Amino acid sequence: MATAARAQRVEKFARALEREVPGCTLLTEEEDVAPYECDGLAAYRQLPLGVVLAESEAQVQGVLRICARLGVPIVPRGAGTGLSGGAMPIREGVVLSLARMRKITAVDPYSRTATLQPGVRNLAISEAAAPYGLYYAPDPSSQVACTIGGNIAENSGGVHCLKYGLTVNNVVRVRAVTMDGEICEFGSEAPDAPGLDLLAVLIGSEGMFAIVTEVTVRLIPKPQVARVVMASFGDVESGGDAVAAIIAAGIIPAGLEMLDRGATRAVEEFVHAGYDTDAAAILLCESDGTADEVAEEIERLTRLLKESGATHVETSASEAERLRFWSGRKNAFPAAGRISPDYYCMDGTIPRRAIGRLLLRISEMEARYKLRCINVFHAGDGNMHPLILFNGNDRAEWLRAEEFGADILEACVEFGGTITGEHGVGIEKINSMCVQFSPGERDMFFAVKHAFDPQRLLNPDKGIPTRARCAEYGRLHVRGGVLPHPDIPRF
């Protein structure tokens with residue numbers, strides 16, 4: 001868009017906002033909107049026309065109505081911690097920040113629910129519920145910063161999602177505004193809701209269907225006791241086999257996480273969690289419940305781990321030690337940032353039985369792409385998070401990293417898995433959608449999108465690739481290489 005035309009578009013939107021949504025803040029200067037040019041996927045960046053800072057549902061509704069009338073694309077944003085480019089701006093559109101909507105309306109210890117605005121941080125929910133002996137179970141690694149609105153957009157998980165479920169399993173009601181300004185409620189605080197059950201459709205829709213303005217989440221009692229078993233393995237296949245053996249035995253740990261040697265060494269240098277840096281992989285297994293339940297489960301876990309080839313098994317002796325063991329896993333991403341100028345965090349899911357095979361395949365890819373990759377992942381549900389290390393100042397390295405990532409996702413599909421577990425598709429995996437889903441399936445996705453947003457103004461060009469894009473990706477894929485995302489500046 002030419003500079004003059006762009007300026008006119010900004011001015012027209014600003015006048016409408018001032019007239020129809022008084023008190024709503026609009027940022028348009030380049031130095032003010034620059035912090036919003038990307039989310040956690042910093043490889044792709046784009047300055048928007050402007051950034052609206054909403055503080056109420058009425059303001060969200062007014063902004064959406066203006067955008068619908070003027071044909072302005074709009075991208076919702078929470079804390080910007082997402083890793084798939086889902087909150088990256090559209091050049092001709094505006095960003096709607098919900099970060100100021102951070103009120104916790106109610107915590108009800110009797111119904112074990114909390115009602116809050118979308119800008120409330122994940123960890124703040126548990127902090128508010130703590131006086132009642134309750135907490136909110138989904139705990140992404142970014143829980144100190146990420147918001148519940150963003151968690152709903154991506155259906156986020158965390159280290160305790162194996163036993164307690166993802167966001168979709170812990171949200172009972174969502175109030176949201178559609179692109180035409182209609183306020184809708186999905187789900188209910190009652191055991192069942194009237195009409196179609198669309199709550200699960202909205203959760204994980206990456207901000208493409210409606211913008212969340214209020215959420216009611218399920219709270220659960222804090223367990224009496226929680227302990228972590230940390231096991232070392234001499235090879236990654238044994239670690240993967242141990243995961244399968246635990247689940248096959250009917251044990252569902254509160255958390256079941258794995259790190260390979262590269263990840264444990266990076267983490268240990270950073271937080272000194274007490275990890276075995278000589279092991280090919282370590283497994284963290286948490287048991288929670290009553291003291292008797294935990295003692296029995298720890299005994300069974302220890303036996304299974306040793307039978308699966310664990311070379312060393314250690315159990316946390318105190319709450320402080322349990323938190324120290326988890327601190328390494330929670331800080332894996334920043335630890336990667338200390339040993340590499342940049343890292344590219346992937347997110348694919350595979351059957352548990354394929355964990356060892358995928359890690360071996362990734363090792364082969366490291367040699368092919370001449371890049372290091374360290375691995376941390378939710379082993380219990382097969383949600384892999386390979387971290388590809390590269391130098392963003394070297395464009396050739398970034399292109400290899402991007403192709404490396406696409407190759408990993410295709411391997412996940414090959415092994416019977418999916419291209420994403422909890423980070424979403426956004427712009428990052430839009431090409432990989434062509435590999436996972438057929439043209440007919442993608443047409444159905446577009447049909448659902450059309451039902452909510454017929455103008456395709458709400459977070460457009462994310463998540464669902466067009467047939468033309470997939471055809472071009474297929475042609476390029478035969479020759480080798482990665483189809484670039486259109487009109488998006490990169491490193």
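**Close-up 1. Residue classes in the lining of the largest pocket.** The lining of the largest pocket divides into 16 nonpolar, 21 polar and seven charged residues. The model shown here and in the other views is predicted. In total, 44 residues line this pocket. The space inside amounts to about 790 Å³. Nearest the pocket centre lie Thr81, Gly82, Gly150, Glu154 and Ser156. Rolling a probe the size of a water molecule over the atoms shows where empty space is left.

**Close-up 2. Helices and strands that line the largest pocket.** Two strands, β3 (74-77) and β10 (211-218), each supply at least two lining residues. The helices α5 (148-154), α11 (319-330) and α12 (332-339) each do likewise. Helix α5 gives the largest share of the lining, six residues.

**Close-up 3. The edge-to-face pair of tyrosine 344 and tryptophan 398.** A pair of aromatic rings is described by the distance of the centres and the angle of the planes. The structure holds eight aromatic pairs. In this one, the ring centres of tyrosine 344 and tryptophan 398 are 5.3 Å apart. Their planes meet at 65°, so the pair is edge-to-face; the cut-off is over 60 degrees. Tyrosine 344 sits in strand β16 (residues 342-345) and tryptophan 398 in helix α14 (residues 395-414). The pair thus links distant parts of the chain, 54 residues apart. Tyrosine 344 has a relative accessible area of 5% and is buried. Tryptophan 398 is buried too, at 0% relative accessibility.

**Close-up 4. The stacked pair of tyrosine 369 and phenylalanine 404.** Tyrosine 369 and phenylalanine 404 lie 5.1 Å apart, centre to centre, with 20° between the planes. Tyrosine 369 belongs to helix α13 (residues 355-369) and phenylalanine 404 to helix α14, so the pair ties together parts that are 35 residues apart in sequence. Both tyrosine 369 and phenylalanine 404 are buried.

**Close-up 5. An aromatic cluster.** Tyr44, Tyr344, Phe390 and Trp398 form one aromatic cluster.

Close-up 6. Helix α1 (residues 3-20) has 18 residues. At 1.5 Å a residue it should span 26 Å, and its end C-alpha atoms are 26 Å apart, which agrees. Arg6, Val10, Phe13, Ala16 and Leu17 of α1 are buried. An α-helix has 3.6 residues a turn, so residues three or four places apart point the same way. On the face of α1 turned away from the buried side, Ala4, Gln8, Glu18 and Arg19 are exposed.

Terms used: Residues numbered from 1 in each chain as written. Predicted model: local features only at pLDDT ≥ 70, side-chain atom pairs only at ≥ 80, totals over all residues. Heavy atoms only, no water. 1 Å grid on protein atoms, 1.4 Å probe; cavity = no way out; pocket = protein on both sides within 12 Å on 5 of 7 lines; lining within 4 Å. Points joined across faces, edges and corners; volume = space filled by probe spheres on them. Helix = DSSP H or I, 4+ residues; strand = E, 2+ residues; numbered from the N terminus. Nonpolar A, V, L, I, M, F, W, Y, C, P; charged D, E, K, R; others polar. Phe/Tyr/Trp six-rings, centres within 6.5 Å; stacked < 30°, edge-to-face > 60°. Buried < 20%, exposed > 50% of the residue type's maximum accessible area, 1.4 Å probe, protein only. Expected span 1.5 Å × (residues − 1).
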